[in-house]
Amino acid sequence: MNDNLNPVVKIEPFRRLCMTIGELPTSYLETMTYYEMLVWFTKFLGETVIPTVNNNAEAVSELQAKYIELKTYIDNYFDNLDVQEEINNKLDDMVEAGTLQEIIADYLNSKAIFGFDNVANMKASTNLIDGSYAETLGYYAKNDGGKSLYKIRTITNDDVVDEATIIALNDNTLIAELIIDENVNVNQFGAKGDGITNDTTAFNKAITKLDMVNLLNDKTYKLTSLTIEKDFIIHGNGAKLIDDTSVTYFIYSSVGTRHEIKFDNLKIDLSHSTYGIYFTHTRFKGDNIEIKGATTCNIDIIKGTTAGAYGWLELKNSRVEYSTTGLILNATDCYLDNIVSHNCMTHYEINSGLTHLHKIHGWNFNENSTDYITGSILIKANADIVGNDIFSDTLETAIQLPTVNYKCLLFNNVNIFLNTSSYPSTQNDPQLFSNLTEFQALNNVFCRINGLYFNGNNWRNSNNEYPVLVPEVNTPRIQVSNVGGSGVKYNNYRVIPIYGDIATTDITATVSEYISLSTRKYTKDQYSTKIYIRATLKKALAADTCISQVDFITSNFNYLDRKAIVDAYFHNTTTHEVYKLDGYISDDHSLYIYNHNGSLNGGDVIINIRWDKVVL
């Protein structure tokens, strides 16, 4: 025999009964005296058991008698020490005989959970009592996603049976009330998510009763439309919504009290709706949303016209596809981060407020005999915009400039890319800006792009010419800096906007044997001055030859010296090859350009000069 084994302790029947009820910790009951257990059990009987079964008059009468009997034991426990052991024995005998277990049996049964395959089986059950619980393994059928836990209780005048949160039972005095937690899902409200059945009613019940609902990740929910006029959250969990019939607005919120709506991890695939999400006077947050197919617009956020109206959007990590317009923002403030838009004729139409764009990639390609290229625009900029890392991919226009005053556009790192397999040579030249003429006529607008990169994959139009990405502009309200492209060929695309003529009396070419000046322009702002010169090469130029000495004559250029940055190129207008030339500014304000390549002939010389803190 192992002497190290713990001795077996005999637990008295009454103490064991108190332990099985489960209301007090076993370790605590082990230390209680019989008197303490008797006091607790009597209190438990009077305050917990009797109220639970008070719908049974016979049971109540019997329980009251036992309660009085036990209360008498308590009252007499210390009156006569000789009866204490007798009372202890009496309690044990009542347990051995099952008397005490019987009087609390209804209570213990009320705490049991009754299981059913579905809601219909629960409704038809005859063994549910007030205070019990029921669990269904599905709403319509086992494992259909509608598994739920319900509390069974007596119906009140305030209860409204909706067959979701309040379900009527076979016993018309009882109802099953849905126990709601953070995992509550729309299938518990009767949605099937089979992509065939219209689940609008179930969704509307969830929206009415809850402030948040989950969808199931393997489900496709077909809906007519949804109207949300309250703070509400939909956790999509990868589920998909599809439209059932032709409607103007698939998901709608109208003018009213301000509210906040959040969607995440949700797919919306439309084929009948004019607008996908159409929210007014709403703060909308979307994360990991995929929406496509609305005929006019996938997401439209409107601030409304009433006093204090506003519209607010925060959309991130999302995808918007196949619509005339991807997003229309008539809002107060909008924040878009890491958004991919695809095959929209206008990807982002921004009409009011201030919009922040970060990591925006819009791309189109022709498919199914549909022309998604002609007339395509990445950003219609009719309001203030701050943008970073903007990618216009195989679109005709990157930015449509505003045509009204008091708009400011600030962009960092704008990339323009052409997929030549989707952008035929017969297409219009891709362009950085449209509405350029209208913009130049305005006085209180501004557009600045710091960092412009173009990769045309050697695309040429039907005249075998590289595109004019940005024509010459004559306004200081457009500034483009840090321009680049595929290797050194970016000057083929003439991407540097310029304005302001330099008078012929201010600049001459003293060595005119090789070039004739055709264009002399300048730009200026509070930080720098830039000069753009285009000249035509008149005859073949041998290697290691000084092309021209360009003299800046008047006092306007007194500060032009060796600190200026000079970029010069030769562009062969026949082969479209580009060669880098060397240039510098001398101390006497003259510009010297040298050819250190092989022999050059038949083209233009392009010269760009930049220096800081000089005002012409």
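So, Arg283: with a relative accessible area of 26%, this residue is partly exposed, and that label covers everything between buried, under 20% relative accessible area, and exposed, over 50%, using a 1.4 Å probe and protein chains only. Quick note before I go on: this is a predicted model, where local features need pLDDT of at least 70, side-chain atom pairs count only at pLDDT 80 or more, and totals for chains, interfaces and linings use all residues. Residues are numbered from 1 along each chain as its sequence is written, and side-chain values use heavy atoms, with hydrogens and water left out.

Okay, which residue does Arg283 pair with? Its salt-bridge partner is Glu260, and the closest N and O atoms are 3.2 Å apart. By salt bridge I mean a side-chain nitrogen of Lys or Arg within 4 Å of a carboxyl oxygen of Asp or Glu. Glu260 sits in strand E13 (residues 259–269) and Arg283 in strand E15 (residues 282–292), so this bridge ties together parts that are 23 residues apart in sequence. Those strand names come from DSSP runs, numbered from the N terminus: strands (E) have at least two residues, helices (H or I) at least four. Glu260 is partly exposed too, at 24%.

Next pair: Asp604 and Arg534, whose side chains meet in a salt bridge at 3.1 Å, N to O. Here we link strand E35 (residues 603–612), which holds Asp604, with strand E30 (residues 528–537), which holds Arg534, and they're 70 residues apart. Are these two buried or exposed? Both Asp604 and Arg534 are buried.

Then there's Asp244 with Lys222, closest N and O atoms 3.7 Å apart. Asp244 is in the loop between strands E11 (240–243) and E12 (249–253), while Lys222 is in strand E8 (residues 220–223), 22 residues away.
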